[in-house]
Structures are given as structure tokens and as C-alpha cells.
Amino acid sequence: FESRTSTQYLIENGTYVTQTRISFRIGLRETVCLQIDSQEGMSEVTGVDGRKYYVSFENLETIFNYKNAYQFVQPDIQAKCLCDCPGIENHCSPSRESCKEDGNTDGNCFNYYSDDHSTKGCGVQSFLGTGEVCCSVSVSRAEDTLYKAFSTSSQVSRSTFRVEKSEPFESRTYNSNLGSSVPEFDGALQITFDNPGFSSVLPSGWYFGKAVG
């Protein structure tokens, strides 16, 4: 328990009723027991003759909204390349159709050319300038598993509490957003769920996982 404050209110027949506010912390899957005793002579007014209440924190879930999403599969990338040493070979050029030369015409092949490539392995020619490289890059589907990427934005924390009382026994379950109140229980107990005390467990950004459905 963190704090306890009491305030008296005047009701009918000049009778005072005491309202007590108790603040306490409760962990996930923990239970707090509250013993509420009636003021002398107040059981006839409130109908409460002293009872035990059990407040159980049963579940906590965080719901993330996402702004953008797309689906994808893992690709299988195959590259075949030719390298030209400066001043010797002359296989590569910006107009070379590497995919066609390699017999790949299925539409999933892309031509690549660069005239600023390393000359490592070219011997003395490595001092004459940069090399050229041209490739056919083939992209295909590596597997049938479908993935979904999504961008997170705001989040809402939702809790599940169970409140029980004895004599006579009664039990209710409340699903509520943190920071809100639940309806009065048994005419004597009002519960407000405050901040859970943890920071965001999933910062805003892009994430991905296997697509469902």
C-alpha cells in the first residue's frame, strides 16, 4: 500500500459517512485483500456490515495500432558476373544485356553494370585505372512463407481485473483501459486503474513477422 486518505460526508439524519481512498500497487497475477469494516451504526444505512474484497490483476495486454503495412516473401538472389581488367578485356559495357547473354529471359532478371570496380587480381594492370563489372541478377521466390511488415504508431494498454467479495460471495471481471474507472462494486467499492509503471515495450518503427490468414 502506498497511501490512505479518509473524508467524511454528511448524509440524512445528521449521520456522517467516511469515504476512504487507498492507493496500492499490484503486480500481474497478484491479489490484494481489502478488509472493509462498517462504521458503528452504519450497517443499517449502507447495507454493508464489514466484508473482505479480493482484487486480482489477471492479465495485461498492449494493443498497437499500425500506420502502414505490406506483405512479402523471402527472395532467392543469384548473380553471374564478368569483370574487365583495365586495358585488357572488353566484355562489359553499359549496353550489355547480361541477362539475355546468360539465357535468362523470364522477366525476373536485372542487368547490372559498374565502371568503378576494384582491380584486385588484375596484376600490373591494376595500376592503369578501375575495372568494369557486368552482372545478371536473377530474383526468385525462396520459399512459400508469406511475411507482413508493419509500421507501429500509438498503443493502448488494456487490463483484466477480477473483484470478489465474501459473505455473500460475488465475483466480477473487468476489462478496462488503464487510467479509467469501473462501475461501483457492491455499493461500497470503486476501483480506478492507473498507469502500469512500465515504458513502451515496442518503440515506434517497422517490424515484420509471419503473415496470418
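Residues are numbered from 1 along each chain as its sequence is written. Because the model is predicted, local features need pLDDT of at least 70, side-chain atom pairs count only at pLDDT 80 or more, and totals for chains, interfaces and linings use all residues, while side-chain values use heavy atoms, with hydrogens and water left out.

**Confidence**

The predictor's confidence in each residue is given as pLDDT, on a scale from 0 to 100. For the protein, the mean pLDDT is 76, and 70% of the residues reach 70 or more. Helices (H or I, at least four residues) and strands (E, at least two) are DSSP runs, numbered from the N terminus. Confidence is highest in strand β5 (residues 109-117), at a mean of 90, and lowest in helix α1 (residues 43-46), at 47. The pLDDT is below 50 over residues 41-46, and this stretch has nine contacts in the model beyond near neighbours in sequence; a contact means heavy atoms within 4.5 Å.

**Disulfides**

A disulfide is a pair of cysteine sulfur atoms within 2.5 Å. The search of the whole structure finds three of them, and the table gives their geometry.

| Pair | S to S distance | Torsion about the S-S bond | Hand |
|---|---|---|---|
| Cys81 and Cys135 | 2.0 Å | about 110 degrees | right-handed |
| Cys92 and Cys134 | 2.1 Å | -65 degrees | left-handed |
| Cys99 and Cys109 | 2.0 Å | -85 degrees | left-handed |

Cys99 in helix α2 and Cys109 in strand β5 are ten residues apart.

Cys81 is partly exposed, with a relative accessible area of 44%, whereas Cys135 counts as buried at 5%. Both Cys92 and Cys134 are buried, and Cys99 and Cys109 are buried as well.

Two further cysteines deserve mention. The sulfur of Cys83 is 6.6 Å from the closest cysteine sulfur, in Cys81, which is too far for a bond. Cys83 is partly exposed, at 48% relative accessibility. Cys33 is also partly exposed, with a relative accessible area of 38%.

Most residues other than glycine have a negative phi. Arg29 is not a glycine, yet its phi is positive, at about 65 degrees. Arg29 lies in the loop between β2 (16-23) and β3 (31-36), and it is exposed, with a relative accessible area of 64%.

**The nonpolar core**

In soluble globular proteins, nonpolar side chains tend to be buried together. A nonpolar core is a set of buried Ala, Val, Leu, Ile, Met, Phe, Trp, Tyr and Cys residues joined through side-chain atoms within 4.5 Å. The largest such core has ten residues: Ile26, Val32, Leu34, Tyr53, Val55, Phe57, Phe161, Val163, Tyr174 and Ile191. Strands β3, β4 and β6 are the elements that each give two or more residues to this core. The largest share, three residues, comes from β4.

Notes: Buried < 20%, exposed > 50% of the residue type's maximum accessible area, 1.4 Å probe, protein only.
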